[in-house]
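Please have the sequence and the model open while reading.

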Amino acid sequence: MDTSLDYFKKFARKIKEVVRTTIFPVWIYTRVSTKHQFINNDSVERQEEDARLCAVKKEFTVTKVFGGTYESAKKDFTRKEFMKMIEEVRKAKVKPYAILIYKMSRFSRSGGSAVGLVDELVEKMGVHLFEVSTGLDTTTTQGKIAIYNNLITAYKENEDKREICYSGMKAFVMKGYRLGNVPKGYDLYGKRVKDMNFFSPTQKIVINDLGKILQKAWHWKVDEEITDAEIIRRLTIRHDTKMRPQQLHDMWRNPFYCGVQINNLTGWIPIKGHWEAMVSKELFKKVQDIIEGKHIKSKHRKKNPALPLNDIMYCEKCSGKMVGYRVVKSWAELWYYRCQECKGVSINANSTPKSIREGAHEKFVRLLASYSFHPIILEPFKLQFRKSYEYVKREEYENKKIIKQKLLQKEKEFSELRKNKGIGKFQESEEFYAQLKAEYEQQIVDLRVELAKSVAEISNLEELIEKTFSFLSNVSNFWVSNPYEANVELQKVLFPSGIFLDSKKWEYLTPEVNEYFNILASLSKEFDEMNIGTYDHHAKISDIVAREGVEPSTSGL
């Protein structure tokens, strides 16, 4: 050896000695991919058990155990337990001699990234990897190469599985089925569900009670052109349904609601879905036009709280719609309604000290007052309402009761079948059992879907009756105090065909009145006439008719 070169030894890189306080301290890492594997088998426990046996054979001392949970190995840096172990290795002053892994696919399936991590552990930190299932380790060059090859193989296996799985998912979606959760307003029935009430051998997606409420919101958006804020207010007050602005916006922009899905699995090609559309494609497009600020060919009229009768007032002469307009005076701002075709047909929106005739709004309040019923008939009418409600809903409730009974019976029979199978009483073939099991499951799912669609019982019927009759007793006052949007709805309910202004007699004509309000007004009028002695008793009572009996029917007595 040339001693003249000894001088240059001081320039050699010093290798940092790894400090160890015990003989061959090692760590263990275990992992499974999914929650299902973690819950339904003991793979994690077996991995740790085999690693500890390996440690005993090689006279290693296990000082720490990591993992013990489910984490996908596709990406390393998103795994909390895995990265916790790597960070502790990097920070530890006393490094472990090795990390024991049952199989390299448990360590990582990320391919090149995993090789880089192993290289860092072995070459920079002096921490070896031992594969328990094969006995391979990184203490030798051959072993290190074999470990690297196993990591690359795990990566290839993962990619092959992903390709097969992706193809299956794509084929499933292209047939019109749904992967993942469903949006608000729908219930998903299928094989992989947390709640077994939604189990079904085949996928079914149905509109639930919330969906029926949201269905109204789509029509409010187009038919009434109200803001999202007002829609959220209505959902909260009328239906006790809370939605955030972003949730509502996401609903407007999701083609799922009109029975269409489009995503990366479909190649961003629209596919018709196998579920009931909440809205038509035409309605969905109209909502998009509103969001994008495009003109919609509809009876659009700017909303103005000062002119609530804008949408229902017509001219009796030409049947044309009367429109509101503003006149600014030096002393006030005045609003009017006028016919666009007939000259001279105009009416003040509100009465003023200088107006000769009553204003349109005061006249409308008097019209509404004529449809409020007399307080004396309030209690009898409430009683009749309850009886009518019970009569109308009786058949629906009976049907719901029958469905519940059928469902309980089927579930009981299915439970008995599985019990007999478990204790060996079921003597038929496995194929017959599987067929019978599938039939029961399908029948149960169908009954649950039918039950979900059946009428919902009203728990607060009395409260609803009180509120309803409080409103009916004083419709005119409600109209005066209600916000603009609520009044527009009320007007449409009361007078579906609108009101017509007779400019000669200066009164409103109502060609069509809600039948319910018509009856109330008629009853109240009759009661008032009876009290003042103008009621024609005989004019209101039909001729007496003989009861049917065993004798042939007669025309009367």
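Predicted model: local features only at pLDDT ≥ 70, side-chain atom pairs only at ≥ 80, totals over all residues.

Residues are numbered from 1 along each chain as its sequence is written, and side-chain values use heavy atoms, with hydrogens and water left out.

**Whole chain**

- The chain has 18 helices and 14 strands; helices (H or I, at least four residues) and strands (E, at least two) are DSSP runs, numbered from the N terminus.
- Of its 557 residues, 37% count as buried, where buried means under 20% relative accessible area, with a 1.4 Å probe and protein chains only.
- Among contacts (heavy atoms within 4.5 Å) between residues at least 6 apart in sequence, 62% join residues at least 24 apart.

**Helix H7**

- At its start, a side-chain oxygen of Asn 208 comes to within 3.2 Å of the backbone nitrogen of Leu 210.
- After H7 comes Glu 225, which has a positive phi, near 50 degrees.
- Buried residues of H7 include Trp 218, Trp 220, Lys 221 and Glu 224.
- The buried residues of H7 pack against strand E6 (204-207) and against helices H8 (228-239), H9 (245-252), H10 (281-291) and H16 (484-494).

**H8 against H9**

- The axes of H8 and H9, lines fitted to C-alpha atoms over the stretch in contact, are 10 Å apart and at an angle of about 105 degrees.
- H8 is therefore roughly perpendicular to H9, a term that applies from 65 to 115 degrees, with angles running from 0 to 180 degrees between N-to-C directions.
- From H8, Asp 228, Ile 231 and Ile 232 meet Pro 245, Leu 248 and Trp 252 of H9.
- The residues of this contact comprise five nonpolar, no polar and one charged; Ile, Pro, Leu and Trp are among those that count as nonpolar, and Asp among the charged.

**Gln 288**

- Gln 288 is in helix H10 and is buried, with a relative accessible area of 10%.
- A polar atom of the Gln 288 side chain lies 2.6 Å from the backbone oxygen of Trp 252.
- Neighbours within four places in sequence aside, Gln 288 is in contact with Trp 252 and Arg 253.

Terms used
Buried < 20%, exposed > 50% of the residue type's maximum accessible area, 1.4 Å probe, protein only. Polar contact = N/O pair within 3.5 Å; in protein donor to acceptor, adjacent residues only side chain to side chain. Parallel < 35°, antiparallel > 145°, perpendicular 65-115°, else oblique.
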